[in-house]
Amino acid sequence: MVLTFDVDAESCVLAEDAKYADHPGVMSHQAYGPQVGVPRILALLAEFNIKATFFVPGRTADTWPHVVEAIAAEGHEIAHHSYAHRRLVDMSADEERRDFDDAMAALGRLGIVPVGHRSPLSSPSVRTANMLAQHGFRYQSTLMDDDRPYLLDTTDGVLAELPPHWILDDFPQYAFLPDPVIGNAVESPRKALEVWSLEMAAMRDLGCLFVLCNHPFLSGRPSRVQALRELIGTTLDYGDVPILTAAEVAERVHADPESRHKRLHTTGTPADQRIGSEHSTSNIS
Ligand SMILES: [Zn+2]
């Protein structure tokens, strides 16, 4: 099990439209994450003495530096989640590189050197994995073509891929906001717990990697943290499911000679004509 928290805060609504910066209702909804959700989640993790991975957009690091520092101070992993939380697949190569560098600089100002990345909105471009490999990243947790980790070969190096999936994401369960519309779900935490517990049990049977993706502005709410507490307790009760950070799993995947290798899978231009190309576009039909 890997517990991941995407600390999107304001970034995901400002990526929709900068006008929301002057919308106190929307800003307050997003600020709940760093202000209330993160401390509550940190307390939960401390209860069990387990470490998690927090994917932090650069904008969050610049807006809430003390919150990000508090996460790091408790020994959790901080990973790269773009700067502005915009869809990478829609960016030009230059835009994507600038956003990537801005995020590195924002984390760097807090003394953080990330080794892992998750694309915002599940929107990597065909260039993203190469860029990560060029910068010495060890893993990404973005692609959904598997439920066990594997090694993603690029022309610039090898990344471990730790596949997430919407079934283990809190957006389909809890995301509700009328403007901008980020979702229409206010499901019972009992239902979310059922979905995630059933998947945990089945993944344990099959030897899969369970990558939970939660967002503090959603899952930091009281009954939702309680459900997460139950999920962690159930998992620990199995006695044979380690709870690790994404970086720890990535190192195991790199070290394991049995790890499978894949290449980026798309259905447009053959991959070998695209991978490593700074000048390619993302026009994939
Ligand atoms: Zn995000």
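**Figure 1. Overall fold of the predicted model.** The secondary structure of the protein comprises eleven helices and eleven strands, where helices (H or I, at least four residues) and strands (E, at least two) are DSSP runs numbered from the N terminus. The radius of gyration, taken over C-alpha atoms, is 18 Å, close to the 19 Å that the globule rule gives for 285 residues, so the protein is as compact as a globular protein of that length. The globule rule is 2.2 Å times the number of residues to the power 0.38. Along its principal axes the C-alpha trace spans about 50 × 50 × 35 Å. Of the 285 residues, 52% count as buried; buried means under 20% relative accessible area, exposed over 50%, and partly exposed in between (1.4 Å probe, protein chains only). Among contacts (heavy atoms within 4.5 Å) between residues at least 6 apart in sequence, 68% join residues at least 24 apart. This is a predicted model, in which local features need pLDDT of at least 70 and side-chain atom pairs count only at pLDDT 80 or more, while totals for chains, interfaces and linings use all residues. Residues are numbered from 1 along each chain as its sequence is written, and side-chain values use heavy atoms, with hydrogens and water left out.

Figure 2. The unreviewed UniProt entry carries the annotation "domain: NodB homology" for residues 24–244. UniProt positions are given in the numbering used here, feature names are shortened, and annotations may be inferred rather than shown by experiment. Over residues 24–244 the chain is 48% helix and 15% strand, and the end C-alpha atoms are 37 Å apart.

**Figure 3. The zinc site.** The zinc ion is coordinated at 2.1 to 2.5 Å by D8 (OD), D8 (OD), H81 (NE2) and H85 (NE2). The sequence spacing of these donor residues is D-x72-H-x3-H. Donors are N, O and S atoms within 2.8 Å of the metal (3.2 Å for Na, K and Ca); water is not among the atoms, so sites may look incomplete. The four donor atoms subtend angles of 54 to 146° around the zinc ion, which makes the arrangement irregular. Four donors count as tetrahedral if all angles lie between 85 and 135 degrees; four count as square planar and six as octahedral if opposite donors are over 155 degrees apart and all others between 65 and 115; anything else is irregular. D8 is buried, with a relative accessible area of 2%, and H81 is buried, with a relative accessible area of 2%.

**Figure 4. The nonpolar cores.** The largest nonpolar core has 54 residues, and those with the most contacts inside it are L3, F54 and F210. Helix α2 gives the most to this core, with eight residues. Apart from it lies another core, of 15 residues, including Y139, L151, L162 and V211. A nonpolar core is a set of buried Ala, Val, Leu, Ile, Met, Phe, Trp, Tyr and Cys residues joined through side-chain atoms within 4.5 Å.

Figure 5. L42 is placed in helix α2 and, at 6% relative accessibility, counts as buried. Leaving aside neighbours within four places in sequence, L42 is in contact with F54, A70, I71, E74 and H76. The C-alpha atoms of L42 and E74, 32 residues apart along the chain, are separated by 7.9 Å. H29 is found in helix α2 (residues 24–48) and counts as buried at 19% relative accessibility. With neighbours within four places in sequence again left aside, H29 contacts F176, L177, I182 and F217.
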